[in-house]
Amino acid sequence: MDDLTKNQKYVITQIYKQYLLNSESDQIDNPNYFYDADSIKHLFGSRFSDDELDDILIALTDKGYLNGCYDEVSVSEFGVSDKTIIYMENKFKNGLKDILTFLSNFM
């Protein structure tokens with residue numbers, strides 16, 4: 001993740017956290033499926049404008065951290081790539097506890 005900006009690291013970590021939470025839910029068929037940027041906006045509050053979030057998601061897709069469909073303005077039907085899952089599993093050995101600590105450094 002040395003090739004990511006701080007905002008990109010924050011976003012991909014939040015999405016990975018949501019993926020983990022989705023994995024624990026019995027009500028979600030595919031925990032690694034996110035419909036579009038609007039479906040994850042709530043994870044960031046007012047931290048990013050819609051355009052900023054779209055730009056970050058496109059960059060994360062271009063760099064292989066997300067898999068999904070996108071055009072010049074938005075990403076849709078995306079999920080965390082295997083590359084990201086492997087990295088996050090190794091970085092955050094204690095799972096959500098470590099992720100929450102990491103994310104708190106961005107506040």
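In which sense do strand S2 and strand S3 pair, and over how many bridges? The pairing is antiparallel and runs over four bridges. Strand S2 covers residues 66-70, and strand S3 covers residues 75-80. The model is predicted.

**The sheet**

A hairpin of four residues connects S2 to S3. Two facing positions can be named. Leu-66 sits opposite Val-80 of S3. Asn-67 has Gly-79 in S3 as its bridge partner.

S2 and S3 belong to an open sheet of three strands. The strand order is S1-S3-S2, and the pairing is antiparallel. Which strands lie at the edges? They are S1, residues 34-36, and S2, each of which pairs on one side only. From one strand to the next, the twist averages 15°.

**The helix on the sheet**

Helix H2 packs on this sheet. It touches S2 and S3. The direction of H2 makes about 120° with that of S2.

H2 spans residues 50-62 and includes Ala-59. Is Ala-59 buried or exposed? Ala-59 has a relative accessibility of 16%, so it counts as buried, because the cut-off for buried is under 20%. Ala-59 can also be placed relative to Val-75. The two residues are 16 apart in sequence. In space, their C-alpha atoms are 9.9 Å apart.

**The salt bridges**

How many salt bridges does the model contain? The count comes to two.

| Asp-38 | Lys-41 | 3.2 Å |

How accessible are Lys-41 and Asp-50? Lys-41 has a relative accessible area of 30% and is therefore partly exposed. Asp-50 is at 42% relative accessibility, so it also counts as partly exposed. Both assignments follow because partly exposed lies between the buried limit, under 20%, and the exposed limit, over 50%.

Note on methods:
Residues numbered from 1 in each chain as written. Predicted model: local features only at pLDDT ≥ 70, side-chain atom pairs only at ≥ 80, totals over all residues. Heavy atoms only, no water. Pairing = 2+ DSSP bridges. Helix = DSSP H or I, 4+ residues; strand = E, 2+ residues; numbered from the N terminus. Buried < 20%, exposed > 50% of the residue type's maximum accessible area, 1.4 Å probe, protein only. Axes fitted to C-alpha atoms, helices over the stretch in contact; angles between N-to-C directions. Contact = heavy atoms within 4.5 Å. Salt bridge = Lys/Arg side-chain N within 4 Å of Asp/Glu carboxyl O.
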